[in-house]
Amino acid sequence: MSNNHSTSYNRNIKQNVYWVERDAIGIALYDPLATELNRFTSLSVVRTVTLYYYKKCAHFNTLDSTSSTMGEDCELPEQFHQYIVDKAIQKGYEYKPELIQMAPYFERKFEKGVKEGKMYANRGRISGTRHIRQSSY
Amino acid sequence: MKLQQMIDQVKKHHPDLGSNEIIVMLNDALDEFSARTLLLEEATQFDTVANQRYYGLKESILEIKSVDIQDEDGNDESIKRLIGRPKYRDLDNVQ
């Protein structure tokens, strides 16, 4: 019986595979029994592909953009907004040599936010048993 | 927190900075935060083109978690990631 989490696979069957190179995803049909030249063939029929991925947070529009509005919301969960502000404050102090000693304080606050963010991401909004991803906090 | 509130908070410390400068700083912070925490996940779909092997990825994608492909019956099947790349490239139809 097969299921979605089966880890066994047959080395003799054709299967679709993907890989990533040069900012593009490659998709091909892999035939382990074919000659090396013909082992991978591009898909000859149209198929719908779904990508699941981690993404960057959407940027705020700058004021010269036509879609700029001060009412824009940050895409991150609310509890992390303050850390984003802390990072901007840190950068501001780094541009001022006379106040640069203030920067590490806000940097530490941001680093605390990163740590909490990783924990939040690992938790996956579930309680109890959960997937643990190796990470350096 | 709205953008205006974020800008106001930064301006309390840096009244000399313009709003645009602050927005650029906030955007840099968003990039760093999302890249280091991998907090935001998303899924997107596209249709393949016959005999085309490579498809460009959106700039916002940090890491691909998994890929599904629809079979003849319309079921989405997870496909395996290849370690490395094929020895022979097929660059037909690359955009």
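Begin by selecting B:Arg36, which counts as partly exposed at 34% relative accessibility, where partly exposed is the range between buried, under 20% relative accessible area, and exposed, over 50%, computed with a 1.4 Å probe on protein chains only. This is a predicted model, in which local features need pLDDT of at least 70 and side-chain atom pairs count only at pLDDT 80 or more, while totals for chains, interfaces and linings use all residues. Residues are numbered from 1 along each chain as its sequence is written, chains are lettered from A and ligands numbered from 1 in the order in which they are written, and side-chain values use heavy atoms, with hydrogens and water left out.

Helices (H or I, at least four residues) and strands (E, at least two) are DSSP runs, numbered from the N terminus. Salt bridges that share partners also join A:Lys55, A:Glu75, B:Glu42 and B:Lys58 into one network.

Stay in helix H2 of chain B, which covers residues 19-37, and select B:Ser34. This residue is buried, with a relative accessible area of 0%, and a polar atom of the B:Ser34 side chain lies 3.4 Å from the backbone oxygen of B:Asp31. If neighbours within four places in sequence are left aside, B:Ser34 is in contact (heavy atoms within 4.5 Å) with A:Lys55, A:Lys56, A:Cys57, B:Leu39 and B:Leu62.

Now colour the two chains separately and look at where they meet. In total, 75 residues of chain A are in contact with 76 residues of chain B. The area buried between chain A and chain B is about 7900 Å², of which carbon and sulfur atoms give 62%; buried area is the accessible area (1.4 Å probe) that two parts lose on being put together, summed over both. Select A:Tyr18, A:Tyr53 and A:Tyr54 next, for these supply 12% of the area that chain A buries against chain B, more than any other three residues.

Between chain A and chain B the count is seven salt bridges. One to display is that of B:Glu59 with A:Lys56, whose closest N and O atoms are 2.7 Å apart. On the side of chain A that touches chain B, the elements giving two or more residues include strand S4 (48-55), helix H1 (81-94) and helix H2 (103-123) of chain A. Among the contributors, H1(A) gives the most, with ten residues.

Turn next to S4(A), which is joined by seven bridges to strand S3 (residues 61-70) of chain B, the two running antiparallel. Within S3(B), the bridge partner of A:Tyr54 is B:Glu63.

Finish inside chain A, where the side chains of A:Glu21 and A:Arg22 meet in a salt bridge (3.6 Å, N to O). A:Glu21 is buried, with a relative accessible area of 11%, whereas A:Arg22 is exposed, with a relative accessible area of 54%. Then select A:Glu116 and A:Lys112, whose side chains meet in a salt bridge (3.1 Å, N to O) and which both lie in helix H2 of chain A, four residues apart.

Note on methods: A salt bridge is a side-chain nitrogen of Lys or Arg within 4 Å of a carboxyl oxygen of Asp or Glu. Two strands pair if DSSP finds at least two bridges between them. A polar contact is a pair of N or O atoms within 3.5 Å; within protein, one must be able to donate a hydrogen and the other to accept it, and residues adjacent in sequence count only if both atoms are side-chain atoms.
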